Amino acid sequence: MLLRSKLTAGVTAMALLWAGAATAEARGLSATVRYTEYGIPHIVATSYRDLGFGQGYAAANDNMCSLAQTMLTTSGTRSRYLGADVATGSGLTRARTNLASDLYFQGINDTGVVERLVARKDKLGPTTEVREAVAGYAAGVSEYLRENRITDPACAGKPWLRPMTEIDIYRHVYALGMVFGQAAAADGIVAAQPKPEQSIGSNAIALGSAMTTTGRGMSLANPHLPWNTPDLRLWQSHLTIPGRMDVAGGGIVGVPFLWLGHNASIAWSGTAADTTRTYSVFALKLVPGERTKYLVDGKPEDMVRRDVTVTVQDGTTVTRPQWWSRYGPIVPAVDGRDLPWTSETAYALADANAENLRMTNSLERLSRTGDTASAFRALEETQGLPWMNIFITDAKGTAKYSQLHNIPNVSDERAARCNTDLGKQTWAQDGIAVLDGSRTDCAWGRDADAVQAGAFGPAELPSLQRTDFLENSNDSYWLTNPAQPITGFSRILGKTDAERTARTRGALTELAKGGKHTRQSLQDLMFSNRDYVADLVLDDTVTLCRTMSADLAEACDALSTWDRKHDVESRGALLFDRFWAKARGTATWKVPFSAADPVGTPNTLDTSVPTVGQALVTAVNDLRTAGIPLNAPLGDNQYVVRNGERIPIDGGTAGLGVFNSIRGAWDPAKGYTEMQHGATYLHVVAFDGDGCPDAVTLLAYSQSSDSTSPHFSDQTKLYSKKQWVTERFCEKDVLASPELRVVKVRQHL
């Protein structure tokens, strides 16, 4: 049952909450959900279980079909309902089909690993607060489904709509941890057999006291995630337990608490640690003549065969074997490299997050800390972040970064001693260790300050505290601030003294200009849409163009008059995008990378390389073949369609160095017609000393995945216009919303 009302003068939702608490307790869980502009829910409850109930209920209201899809994935039942050979559409694995995804997840479920971790009462298991919130969240989703007729055509009337259980949530949390490890090798795990002879990204900025006009902290969050994967979908909410927690931001639909956000005195953002390996590989020396036995310290050890069975759409079952070692599953390839299972050698993938169910522990603790120092203490004590760089700033102006997440304890010394010949190559190139699995002294190390055995402790992970700025755009930790390069850590964490990406260089160039930022200036930086690569190569490209065929004159003019931005009205941006997409792989720089000038180099395009001119000709032909004018406004051919309405999208690909990174699927006849990956939840949070953070937010693909919802595309239209939502965090601001709607949600047992 729902009780809905407009808030009447003199009656606050907080008063409604406390007045009804005793009755609600007798009748089941309850929470008050106050909706403000763009459907953002402010959830108030008296306990963690009630708060989870309210968050789950509100999440289902916006994204029930996304939640149901996620449950299909983690329960290994996609093939049964959607077809075995259909592409998964999931962000939790790189499995190409539902069958491969189901076999992977059913294999996990058969082991009972999630249940085992949930049962732990020590630091490796969920905290009491997390257990309460998870129980409430599952109840909230289930109550919503019980009360409401689902109208979203994506799942209305489908037989796979079902109530949510607590184990569904824990399986989702567990799966999120391994998206860069085992899940990336899912196809191989379910297919590896003995035989005869995938992305997430982000930008994050934390400003300290020396670089803001207020002398206090400021945070920018800009995670880049897939736009159309239900199990990685972000959603905004504001969570309050009076006297205990008051936090707002973006979280993953289906998981309690918030991934990015702020409370009254700290704000945090993060990026995927793309250059860090959360796994390593172990080379197994096989017993002669025994393809499923391997040697450890000279003693034979059996691989474990796990026969995994899933049901497919016609009701029949498919059973496939998986092979596991003490280190992890046997895989035939990792990161595009073949790892053949021969008569002498097999390879096992060891994922540091295979024992990690602590992400929500960290997020819950983080949300109720009071300053940067206490926030990092909370993260060091829980050590639950699976693969995220974290940037925290506070109302005092203290800004700090750390790569405080779960990473295999493979030091440079251990790698030098234990890497195989293949491992020596992959270690230098990509930080992937291929260790000698026949020796126990080559297993992962153990740090005294590590919560989980085999992972690095906080003391062995990079961190940096500054009063000016800290920034990351998915490169390694090295140049978080170029004035103070970070060095001295294991290669598995990423490269130092190596070329940075265009997006990193562009962001660092802007921040190095100095000056003191306001909230508005940080918003302007987010949506500047400046093409950093164009600043490096456009002039030389136009000069080259003028020497080529007269047929290119129109292209030369389009490029020479382009504003070097990727705004929806920018003319020439699409032509340059297509040119650089074809040229970048073969481009040669006259000035090579130098560690002495890592932000400024490499530079100066060598236009004498024939492929540069060829790339320009091909780009022109591509647009002309598609009937796209060479100087067409970007938004005419970079857009999304929502309920028949075309919404132009600005921003550019990461390879162009555009901070507002967005990437669509190129249609040779139309251009970029659907966004696949890029900006999702955005915030700029500034502290001004009055106890109410000055914050703006934006959810680029909007709050709801339900095409019948009024909040299916409203924020997408804002994103198209570089407009933000003024956040309502303090009570007075929530009550002042002209669109305030109060909903009392209750569980009926």
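Predicted model: local features only at pLDDT ≥ 70, side-chain atom pairs only at ≥ 80, totals over all residues.

**Exercise 1.** At roughly what angle do the axes of helix α3 and helix α7 cross?

Residues are numbered from 1 along each chain as its sequence is written, and side-chain values use heavy atoms, leaving out hydrogens and water.

*Solution.* 
- Step 1: find α3 at residues 48-74 and α7 at residues 128-147.
- Step 2: their axes come within 6 Å and cross at roughly 45°.
- Step 3: that makes α3 oblique to α7 (angles under 35 degrees count as roughly parallel, over 145 as roughly antiparallel, 65 to 115 as roughly perpendicular and the rest as oblique).
- Step 4: sort the contact by class, and you get 14 nonpolar, six polar and five charged residues.

**Exercise 2.** Work out how α18 and α19 meet.

*Solution.* 
- Step 1: the axes of α18 (residues 573-583) and α19 (residues 610-625) come within 8 Å, crossing at roughly 135°.
- Step 2: the two helices are therefore oblique to each other.
- Step 3: list contacts (heavy atoms within 4.5 Å). On the α18 side they include L574, L575 and F579, and on the α19 side V612, A615 and L616 are among them.
- Step 4: by class, this contact has 10 nonpolar, one polar and three charged residues.

**Exercise 3.** How many of the residues of α18 are buried?

*Solution.* 
- Step 1: apply the cut-off, buried being under 20% relative accessible area with a 1.4 Å probe, protein chains only.
- Step 2: nine of the 11 residues in α18 pass, so to speak, and the helix is mostly covered.
- Step 3: the buried set includes W580 and D577.

Definitions and conventions:
Axes fitted to C-alpha atoms, helices over the stretch in contact; angles between N-to-C directions. Helix = DSSP H or I, 4+ residues; strand = E, 2+ residues; numbered from the N terminus. Nonpolar A, V, L, I, M, F, W, Y, C, P; charged D, E, K, R; others polar. Buried < 20%, exposed > 50% of the residue type's maximum accessible area, 1.4 Å probe, protein only.
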